Amino acid sequence: MSKKHQGHTARKRFGQNFLHDPYIISAIIDAINPQADENLVEIGPGLGALTEPVCEHVNKLTVVELDRDLAARLRTHPFISSKLTIIEADAMKFDFASLTDSEHPLRVFGNLPYNISTPLLFHLFQFAGVISDMHFMLQKEVVKRMAASPGSKDYGRLSVMTQYYCQVLPVLEVPPGAFKPAPKVDSAVVRLLPYQDKPVPVNDPGKLNQVCAQAFNQRRKTIRNSLKTLLNEEQISSLGLNPDARAETLSLSDFAALANLLDHTARG
């Protein structure tokens, strides 16, 4: 399949795969359900496959696009340019809080490039307090990991951190043929609803991330061994946890307890 699509060459370094299936596009727009006057933000609008139909429902839309050529195309778009606020920026470094006001929390959506989806999600979690919902097209494996439960092979740091910040609702699966060029993997759309009240108390989300990263970095090790530079066996046992357990058997509340103990220990 030619990588030329509507006059734009998909760039590998940006992980560009452009959505073109009208049925899938319609299903995603239905899932987002954009309404006039909402504070909608699209990450990586690309050739406008979602941008155009969303603009049919709203008066204004902010888009964050790193590719200069694509940003230029949107600026001169014959039908929707007047509704767009185009921010040429790297979404992974962008301050999404700068787009909010007290009455209009952000509704974020996008077809996320596969090569940056996980770090971008972690960046967005920092702004969960000003976001009402997020709808993303991602690699199906990533969505499975986000929604995974303890004890499954897909369960890991992404599962714990996503489920700390958001309710995770898979929406639909998308075959490779819905894109040009067709990726080698299946995709899926996920809805993320940031919690107003977190499901577990965590004093410092950075410590939660640190504990998860270290525990899952060496999945086959017991938490006694994987966490030994952070907490000793006695401290782990004091939480009612078995030091011989592996990370994939621990729940979100278990990780929260470990993170809070680490925070308490660090404060000394």
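A crossing of two helices is right-handed if the near helix is turned clockwise from the far one by less than a right angle. The views below come from a predicted model.

**View 1. Helices H5 and H6 cross in a right-handed sense.** H5 covers residues 140-147, and H6 covers residues 157-165. Their axes come within 6 Å. The crossing angle is roughly 65°. From H5, the contact uses Val142, Arg145, Met146 and Ala147. From H6, it uses Leu158, Ser159, Thr162 and Gln163. Sorted by class, these are 4 nonpolar, 3 polar and 1 charged residues.

**View 2. Seven strands line up in an open sheet.** The order is S6-S5-S4-S7-S8-S11-S9, and the pairing is mixed. Strands of a sheet pair through backbone hydrogen bonds, either parallel or antiparallel. Look at the edges: strand S6 (84-88) and strand S9 (166-174) each have a single partner strand, so one side of each has no neighbour in the sheet. On average, neighbouring strands are turned by 20° against each other, direction ignored.

**View 3. Strands S9 and S11 run antiparallel.** S11 spans residues 187-194. The two strands pair over 8 bridges. Find Glu173: it stands opposite Ala188 in S11.

**View 4. Ser187 is buried in the model.** This residue is found in strand S11. Ser187 has 0% relative accessibility, so it counts as buried; the cut-off for buried is under 20%. What does Ser187 contact, leaving aside its neighbours within four places in sequence? The partners are Tyr114, Met137, Leu138, Gln139, Lys140, Glu173, Val174 and Phe179.

**View 5. Helices H7 and H10 form another right-handed crossing.** H7 runs over residues 205-217, and H10 over residues 252-267. The axes come within 8 Å and cross at roughly 115°. H7 brings Lys207, Leu208, Gln210, Val211, Cys212, Ala215 and Phe216 to the contact. H10 brings Phe255, Ala256, Leu258, Ala259, Leu262, Asp263 and Ala266. By class, the contact has 11 nonpolar, 1 polar and 2 charged residues.

Notes
Residues are numbered from 1 along each chain as its sequence is written. This is a predicted model: local features need pLDDT of at least 70, side-chain atom pairs count only at pLDDT 80 or more; totals for chains, interfaces and linings use all residues. Side-chain values use heavy atoms; hydrogens and water are left out. Axes are lines fitted to C-alpha atoms, for helices over the stretch in contact, and angles run from 0 to 180 degrees between N-to-C directions. Helices (H or I, at least four residues) and strands (E, at least two) are DSSP runs, numbered from the N terminus. Contact means heavy atoms within 4.5 Å. Ala, Val, Leu, Ile, Met, Phe, Trp, Tyr, Cys and Pro count as nonpolar, Asp, Glu, Lys and Arg as charged, and the others, Gly among them, as polar. Two strands pair if DSSP finds at least two bridges between them. Buried means under 20% relative accessible area, exposed over 50%, partly exposed in between (1.4 Å probe, protein chains only).
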